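Here are a few friendly notes to read alongside the structure. Take them one at a time, and look up each residue as you go.

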Amino acid sequence: LYQNNQHSIGQYNRILNRFFLLNEVSQRTTDVYEKLNAYLVEQTSEVYEDYLVARQALKVEQAKLPAIINEDNYLTVENYSHMITSFLEQCAIVSRAYQTGKLNRYSSHLTNAENISLFIRQTTLDLLNNELNSFQGFYQEMSRKSAYFNSMGIFVFISTFLLSLLFAVWFSRGITRPISRLTTAAEEISRGKFDGEPVEVSTKDELRFLTHTFNEMRTKTYRMVEEIKQKSKLDQLLKEMELKSLQSQINPHFLFNILNTVSKTAYLEEAERTSELIESTAALLRHNLSSLEKPTTLGKEVEVIREYFFLQTARFGDRVTFKTEINESCLAVEIPNMTLQPIVENSFIHGIESYEKGAEINLRIERGENDGVIIEVTDNGVGMEKETLYRLLDPAGESGSEDRKGHSTGLGVKNVIKRLELFYGKSGLVDIESEEGKGTKVTLLIPPRREEGEQHVQVVDR
């Protein structure tokens, strides 16, 4: 727009200069003729000087005439310049003839100068008329360009307005988008969904700090809720085990007193074997009726297993063989109460109880990696199907008890697995290898001793 405007202004100035030049030539010609007549009348040197000045001014304007020449007026301008030259020559002849006293001569040349002056004015009018015709085309072109520039200006204004509006919307959305995301995340939290994706922002202002703080709050809340759920599961699990344990708690103190009386009676009657069996039964019952909330040591669990082995050996005789391989340095490790007995019972009841002879159960305890403990319970029983094995190891399955048979505590292997995971706060602590007809091997991977001050997962007071 600026360049076109400058071009139009330049062209307009050139046309005006041509008008001014032609008008100036016509005025200077008239001025020269009038100054000459004034000199002829007044005959003073001052008037003659004015005449000479007017002549010089006309010559200056004549020298500018080539600037207005174009293809259409070339011949006219050339003739126009020649007429000016002829006019100046006639005026010079008149002034010299007058000064030398040749009155007859200067009179005829004065007439010629007047006629040429008239021709110059007429030619000036013709040139001005041609210039006006050219100016009319220029004016129409200017009008067309002006309309075009107006349209372009309106278009540029509308485009700028729309782009500014789009930029304003984009800029405002850059501010409101993180707030909208925070609002959506807050609504999800109000509906109880704490595990959503973190809110992401690309800005580096206060909204970034607010979003980062919100994400941390959401993560901590989610962890707290999950911890409460785990504690609730452990609480429920312990209640189930206590209910199973209560099935055998028919006045336990009375039962223990009766067993102690029978044991002493058998001892006094020199039935030492019977006394030992009763004592083992009482010890086993006392352990089973103890609180499941409190952890115990691996040594106490091994003592219970030995009592259990003693009772089963007395019952089945040579049909069953129990073997132990225990690293005594591992017995001080804390584990959840009632961990080994359900696994040994499961191996006996579901694995080897149907054998008439050659049944064998092995208990091996040794040190593992990073000061951990490895517990293995192996039997050469009937094994289990793959579906049963997958069901036991499936973390999404129910963690209740299996079908209770005979002398079982009623606490299932899945129950033991779940309590170990909750107790140590990690999964993958139990591995079971089994094949039908070739026995079963249950491996417990007890993590290293916890650092001092670190607490086990406890159930809230009920």
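1. Start with Tyr51, which is buried, with a relative accessible area of 1%; the cut-off for calling a residue buried is under 20%. Please keep in mind that this is a predicted model.

2. Now look at the partner of Tyr51. Tyr48 and Tyr51 both sit in helix H2 (residues 45–63), and because they are three residues apart there, about one helical turn separates them. Their ring centres lie 5.9 Å apart and their planes meet at 40°, so this pair counts as tilted. Ring pairs also bring in Tyr39, giving a cluster of Tyr39, Tyr48 and Tyr51.

3. How many aromatic pairs are there in the count? The total is seven. One of them joins Phe309 and Phe322: the centres are 4.0 Å apart and the planes are at 20°, so the pair is stacked. Phe309 belongs to helix H8 (residues 298–316) and Phe322 to strand E2 (residues 320–326), so the pair ties together parts 13 residues apart in sequence. Both of these Phe residues, Phe309 and Phe322, are buried.

4. Next, turn to two helices. H1 (residues 2–42) packs with H3 (residues 74–100) at an angle of about 10°, and their axes are 11 Å apart. Angles under 35 degrees count as roughly parallel, and H1 and H3 are therefore roughly parallel to each other.

5. Which residues meet where H1 and H3 touch? On the H1 side they include Leu22, Val25, Tyr33 and Tyr39, while H3 contributes, among them, Tyr80, Ile84, Phe87 and Cys91. By class, this contact has 13 nonpolar, four polar and no charged residues.

Notes
Residues numbered from 1 in each chain as written. Predicted model: local features only at pLDDT ≥ 70, side-chain atom pairs only at ≥ 80, totals over all residues. Heavy atoms only, no water. Axes fitted to C-alpha atoms, helices over the stretch in contact; angles between N-to-C directions. Helix = DSSP H or I, 4+ residues; strand = E, 2+ residues; numbered from the N terminus. Parallel < 35°, antiparallel > 145°, perpendicular 65-115°, else oblique. Contact = heavy atoms within 4.5 Å. Nonpolar A, V, L, I, M, F, W, Y, C, P; charged D, E, K, R; others polar. Phe/Tyr/Trp six-rings, centres within 6.5 Å; stacked < 30°, edge-to-face > 60°. Buried < 20%, exposed > 50% of the residue type's maximum accessible area, 1.4 Å probe, protein only.
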